[in-house]
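Student: I've got a model open and want a quick walk through it. Can we start with what counts as a contact?

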Amino acid sequence: MSVPGGLMGVQDRLLPPAIPFRFFGTASLFLTFAWGLLFLSGGELIDYAGGPGFVLAAIHSLTLGVLTMTAMGASLQLLPVATRQAFGNLYLCRMLWALHSVATVFLGIGMAIADVNLMALGGGLAFLSLCLFGWLLSGNLRQGSGMTVVILHCWSAFAGLIILTILGIALASNPTTGWIEDVATAAAIHFLIASFGFMGLFAAGFSYILIPMFVLSSAPKNKPALASLTTYGLGLGGAIGGLHFEMPVLLWFGGVTGLFGIAAHLRLMLLALKSGMRKKLDPPFILIRFAWLLWPIGIIWGLFTYAGGFGGESAWVIFGFLVLAWLLSFLLGILLRILPFLASMHASRPGQPPPLLSALAPKNIQTTIVYSQIGAVLLILVGLGVASEPVLRIATALGVFSGLAMVSYFITVVYRVWFEKS
Amino acid sequence: MTDLWRTRSQLVDGVWHIDVKNMQPPDPMTAILGLLESAAPAGDVIIHHDRDPIYLYPELHQRGWQARRLDNPDDLVCLRLSRITAPS
């Protein structure tokens, strides 16, 4: 017997839309703040070597506020697809958002004005929110079964999350505890684990669902995807070991092996693009391809800088920026593409068709975000390369513009799907 | 163009059936859309699935199809797809 009403059963399988969307909306706000903080930092970025101030506040607004916030929202929304296991406790999901948002604000303000107490408060809250995220994540992964590749990526990212959280707390409290002797090396390891480990593995893992879904291709085969993960993990482990034990050979091994892992992953992604049924890709794919380009370039730049090839005072800053720009560009591309898709899905009602994707996504704002983000990244690289404060100001102003455009994109999608009368 | 749909679908009494159970996401979606775009069925299509294909619905609507849930004891989820607009 047929049951009238088209999409019965869709809603009860999904989280309430307000949960993932609050993460994505907040990430859009933090994107604007992060660029704004970089704008305020002026020329501080050129020879930045660590320590509190606008740059550190911008980095953490970006990593915690944009990247981690997006990863949290995406995990809550997408992990059930891979594990076939829903996130049951919605209260904890909401609490995660509140805790993480407050933590990022306190940490950002504390870092910007170099207030140790605020930094400690923000760091402590961030520790709690990351622990809660880890707990939710591991609970879902443990109970679920399904896509081996995605699940293994998420477990690896979870391991990275634990290490980076402990290391982050140790670094933040080091002025009073003195646990860490070599702060610069510990900070570098913290950065590598946070970017290539935690966030990078999340991005790579969810790519195995999202990219084929966007381009309508088959899921990549398990064997090459697992080979890519193993090689990449080996490379990351080598790089961290090389830094920790001061063994250049191990670091080089790690860097080169990591590049092979990335090449294997990107090959699978490009194969998906090539074999996909959707040939005409949206503007967000320009940003995604740009990010894929930045990923290996960041590592190559880092290795050459380590070898003394790029001797300028901002060479390491450029490395750090390339890494963050890779993650930011990738996640922004994904966010631009997935927001209208999820909104359409959530707006489906029994007996009613979902709104058309093409009617939800404002193409002009999408394109504006894509090009202003790419322009801001390229101009920052130029500004750092020629050590020019005015160029950095223009670049970061463009970044603020892209952030505001992202906020307006988010508001437009939400308005069109839930408030606009058709 | 992916040919996943070829090994998973058959025409029974003039109605296309596609069985996408035990496939990894997004392969079910790709197979179903592959069938709709390649075979261009004139009539309805029956989907035999083991989960509610929540990510499929916006894509179906984009292509002028709608889904209706059927009760079928052999499947966890059984859907009948029918056109809401004439094929162009």
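This is a predicted model: local features need pLDDT of at least 70, side-chain atom pairs count only at pLDDT 80 or more; totals for chains, interfaces and linings use all residues.

Student: OK. Which residues does A:L327 touch, not counting residues up to four places away in sequence?

Tutor: A:L327 touches A:L67, A:S195, A:M199 and A:A203.

Student: And which residues touch the most other members of the largest nonpolar core?

Tutor: A:A34, A:L327 and B:I32 do, in a core of 161 residues. Helix α11 of chain A, residues 315-346, gives the most to this core, with 22 residues.

Student: B:I32 is in chain B. Which residues of α2(B) are buried?

Tutor: B:I32 is one of them. With ten of its twelve residues buried, α2(B) is largely enclosed by the rest of the structure.

Student: How far does that helix reach from its first C-alpha to its last?

Tutor: α2(B), residues 27-38, reaches 16 Å, close to the 16 Å expected at 1.5 Å a residue. What follows α2(B) includes B:A40, with a positive phi near 40°.

Student: What unit does α2(B) make with β2(B) and β3(B)?

Tutor: A right-handed β-α-β unit. β2(B), residues 15-19, and β3(B), residues 45-49, pair in the parallel sense over four bridges. B:I18 has B:I47 as its bridge partner in β3(B).

Student: In which sense do β3(B) and β5(B) pair, parallel or antiparallel?

Tutor: Antiparallel, over five bridges, with β5(B) covering residues 77-83. There, B:H49 stands opposite B:V77.

Student: Back to chain A. What span should α5(A) have at 1.5 Å a residue?

Tutor: Its 25 residues, 148-172, should span 36 Å. The end C-alpha atoms of α5(A) are 36 Å apart, which agrees.

Student: What covers the buried residues of α5(A)?

Tutor: The cover includes α2 (54-83), α4 (116-143), α7 (183-215) and α8 (222-244) of chain A. Among the buried residues of α5(A) are A:V149, A:H153, A:C154, A:G160, A:L164 and A:A172.

Student: New topic. Where does A:D115 lie?

Tutor: In the loop between α3 (90-112) and α4 of chain A.

Student: Why does A:D115 count as partly exposed?

Tutor: Because A:D115 has 15 C-beta neighbours inside 10 Å. A residue needs 20 or more to be buried, and 12 or fewer to be exposed.

Student: How many residues separate A:D115 and A:P52 along the chain?

Tutor: They are 63 residues apart, yet their C-alpha atoms are separated by 8.6 Å.

Note on methods:
Residues are numbered from 1 along each chain as its sequence is written. Chains are lettered from A and ligands numbered from 1 in the order in which they are written. Helices (H or I, at least four residues) and strands (E, at least two) are DSSP runs, numbered from the N terminus. The expected span of a helix is 1.5 Å times one less than its number of residues. Two residues are in contact if their C-beta atoms, placed from the backbone, lie within 7 Å. A nonpolar core is a set of buried Ala, Val, Leu, Ile, Met, Phe, Trp, Tyr and Cys residues joined through C-beta atoms within 7 Å. Two strands pair if DSSP finds at least two bridges between them. A crossover is right-handed if, with the strands pointing away from the viewer, the path from the first strand over the helix to the second runs clockwise.
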